[in-house]
Amino acid sequence: MSLLILEALSKRFGGLLAVDNASLVVREGSITGLIGPNGAGKTTLFALASGFLEPSSGHVIFSGEDVTAEEPHLRARRGIARTFQIVQPFQGLTVRENIAVGAYLRHAGRDAALAMAESVAREVGLAPLLDTPAAALTVAGRKRLELARALATQPRLLLLDEVLAGLNPSEVRDILPVLRGIRARGVTILMIEHVMQAVMNLCDHVHVLAQGRMIAEGPPRAVCNDPVVIEAYLGHGAAARIRAEGGAHA
Amino acid sequence: MKPRDLLPLLLLLGALALTPLFASNLLLNFLVSALIIALGAQGWNLLGGYGGQLSFGHAALFGTGAYATAILQVKFGLNAWLAFACGIALAALAGWIIGYLSFRARLRGSYFALVTLAFAEVLRILANAADFTGGAAGLLIKLQPGLANFQFASRAGYLWAVLACILVVGLMTLWIDRGRFGAQLVAVRENEDAARALGVDVLATKLRAITLSGAITGAAGCLYAQNFLYLDASIAYGTWISVELLIAAIVGGLGTVLGPVIGALALHGLGEVTKGLLGWLTGIDLVLFGIILIAAVAFVPSGLVGALRRLRMRGAAR
């Protein structure tokens with residue numbers, strides 16, 4: 001069953017068509033990847049899915065209901081949680097307080113919310129830093145905090161915008177099992193990611209966005225060898241050149 | 001709420017409640033004035049300190065509370081206590097209206113500050129021009145000491161009335177500080193987009209805050225009217241009140257339960273001392289307030305309460 005359907009979405013900023021008739025389906029229980037060169041419109045597409053932007057045309061359907069015009073906080077209540085590519089911690093608060101804001105969405109009481117915050121912190125590996133001010137976290141810590149806050153809202157769908165960007169390879173290796181664990185709990189994940197090691201490792205299905213349009217989709221391995229995708233990243237003729245070199249670098 | 005959290009608030013207010021046993025009328029007068037500002041600053045602090053929406057026009061709420069109590073008694077013969085309740089409700093309504101108009105238009109930061117200032121100034125000019133507010137001549141509440149009229153023969157009565165309000169608001173602030181609404185309000189202050197992504201209804205949260213803030217600051221206005229029994233537009237809606245409330249909250253400690261009370265007492269104490277020493281320099285206390293505000297923002301952004309906390313932590317670490 002499909003949990004999220006983006007139907008022919010377009011978003012125009014003045015003269016710029018940032019997202020052009022893009023469609024995408026996220027199956028319940030899957031980890032779906034969204035990749036594409038810089039400036040392809042991936043983050044804009046996320047903003048449309050989470051309600052931070054309203055599309056110029058097209059529909060967003062979550063769990064069978066049209067939520068195209070709904071405010072972000074209402075979508076969060078439905079179970080859509082997003083992280084930000086540029087991390088947005090509540091700087092003045094501790095890690096615990098940061099996560100608790102997410103937990104308060106489903107828990108009205110302070111004790112329940114704080115308990116939820118702690119259990120999420122354990123899940124993403126922030127437990128030792130619960131009382132640290134968010135402003136004092138490293139990049140890796142802040143990425144985990146983004147993830148933790150989103151998880152604390154107990155979402156059905158998690159939209160992850162480059163949670164691995166800026167992490168070193170060992171930090172990436174540490175966080176992959178965390179993401180797998182989240183999926184294993186039944187949370188569906190749609191992730192924008194540039195770290196191909198992670199995309200290959202995690203995703204069941206990958207969509208490729210270039211210049212606002214969906215140019216390919218399929219299992220990660222097939223998509224990566226798709227000449228259209230290679231050309232979108234490396235320029236016209238690149239696919240042919242790589243083939244000519246015997247695929248030595250592919 | 002743990003009893004330990006309540007202790008500083010109860011100790012401070014308890015000590016103040018005992019002052020009539022030994023203090024002179026002069027000191028009591030000073031305390032009542034300072035504590036009315038403290039109460040108003042508690043209201044400002046809820047919106048500005050916890051919610052990060054820095055209002056420069058809380059006089060609009062203070063004045064609405066003050067005028068409502070006075071007019072309802074003088075023109076409509078309403079009982080003073082009922083007028084007090086109506087004043088609080090109307091000030092809350094004024095807060096909601098100002099909030100609805102400016103937050104829905106997504107005004108933030110200095111734009112919000114300017115719009116609130118404009119609201120206060122418009123109300124001041126209207127109150128100065130209209131008939132039913134007494135115009136420029138102001139409004140006199142008839143002196144009728146008696147509990148039924150919310151007027152007291154001794155200053156101690158007013159002092160206890162203000163302290164009771166401060167206690168109620170202090171408990172409410174503490175309760176908010178420890179609960180969901182407080183967490184969401186602080187989240188809005190820290191980062192609106194992140195708060196929205198986590199399911200916080202930013203507009204509703206801000207509206208709740210400014211409505212409560214209006215009720216509290218309005219209550220301060222009501223008490224002002226009852227204490228001095230006289231109002232005019234430049235008192236009730238004057239810029240001085242907006243400025244004093246925000247300085248008290250900032251100097252005392254933004255987003256803390258005790259900050260506004262401590263800030264107001266410290267500032268007024270200092271103001272009185274300078275006026276005593278340099279009385280021939282009219283307005284010297286305002287110059288001093290300005291300097292203190294700059295110094296507080298530059299050197300102790302967490303205010304007196306934050307500085308005290310740091311001292312205590314350093315003491316404990318030693």
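Q: Which order do the strands of the four-stranded open sheet in chain A have?
A: The order is S2-S1-S4-S5 in chain A, with antiparallel pairing. Strands here are DSSP runs of E with at least two residues, helices are runs of H or I with at least four, and both are numbered from the N terminus. Two strands count as paired if DSSP finds at least two bridges between them. And keep in mind that this is a predicted model: local features need pLDDT of at least 70, side-chain atom pairs count only at pLDDT 80 or more, and totals for chains, interfaces and linings use all residues. Residues are numbered from 1 along each chain as its sequence is written, while chains are lettered from A and ligands numbered from 1 in the order in which they are written.

Q: OK, which strands are at the edges?
A: Strand S2 (16–27) and strand S5 (65–66) of chain A, each of which pairs on one side only.

Q: How many bridges join S1(A) to S2(A)?
A: Eight, between antiparallel strands, with S1 of chain A covering residues 2–13. For a landmark, A:Arg12 stands opposite A:Leu17 in S2(A).

Q: And how many join S1(A) to S4(A)?
A: Five, again in an antiparallel pair. There A:Ile5 faces A:Ile61 of S4(A).

Q: What about S4(A) and S5(A), how many bridges there?
A: Two, in the antiparallel sense. A:Ile61 turns up here as well, standing opposite A:Asp66 in S5(A).

Q: Which residue in that hairpin takes a positive phi?
A: A:Ser63, near 50°, in a hairpin with two residues between the strands. Most residues other than glycine have a negative phi.

Q: How many residues of H1(A) are buried?
A: Eight of its nine, so H1(A) is largely enclosed by the rest of the structure. Just after H1(A), A:Gly51 has a positive phi of about 95°.

Q: Switching to chain B: at what angle do H3(B) and H5(B) pack?
A: About 35°, with the axes of H3 (residues 59–74) and H5 (residues 109–129) 8 Å apart. B:Ala59, B:Ala60, B:Gly63 and B:Tyr67 of H3(B) meet B:Thr116, B:Phe119, B:Ala120, B:Leu123 and B:Ala127 of H5(B). Contact means C-beta atoms, placed from the backbone, within 7 Å.

Q: What does B:Ala68 touch?
A: Leaving out residues up to four places away in sequence, B:Ala68 touches B:Cys86, B:Gly87 and B:Leu90. B:Ala68 is in helix H3 of chain B and is buried, with 27 other C-beta atoms within 10 Å. The C-alpha atoms of B:Ala68 and B:Leu90 are 7.3 Å apart, with the two residues 22 apart along the chain.

Q: How many residues does H9(B) have?
A: H9(B) has 27, residues 202–228. Of these, 22 are buried, so H9(B) is largely enclosed by the rest of the structure. Just after H9(B), B:Leu229 takes a positive phi of about 60°.

Q: Last one: how many residues of chain B are in contact with chain A?
A: 18 of chain B, against 22 of chain A. On the chain B side, H7 (180–190) and H8 (192–197) are the elements that give two or more residues. H7(B) has the largest share, six residues. The predictor gives the complex an ipTM of 0.89 and a pTM of 0.91.

Methods. Two residues are in contact if their C-beta atoms, placed from the backbone, lie within 7 Å. The expected span of a helix is 1.5 Å times one less than its number of residues. A residue is buried if 20 or more other C-beta atoms lie within 10 Å of its own, exposed if 12 or fewer, and partly exposed in between; C-beta atoms are placed from the backbone. Axes are lines fitted to C-alpha atoms, for helices over the stretch in contact, and angles run from 0 to 180 degrees between N-to-C directions.
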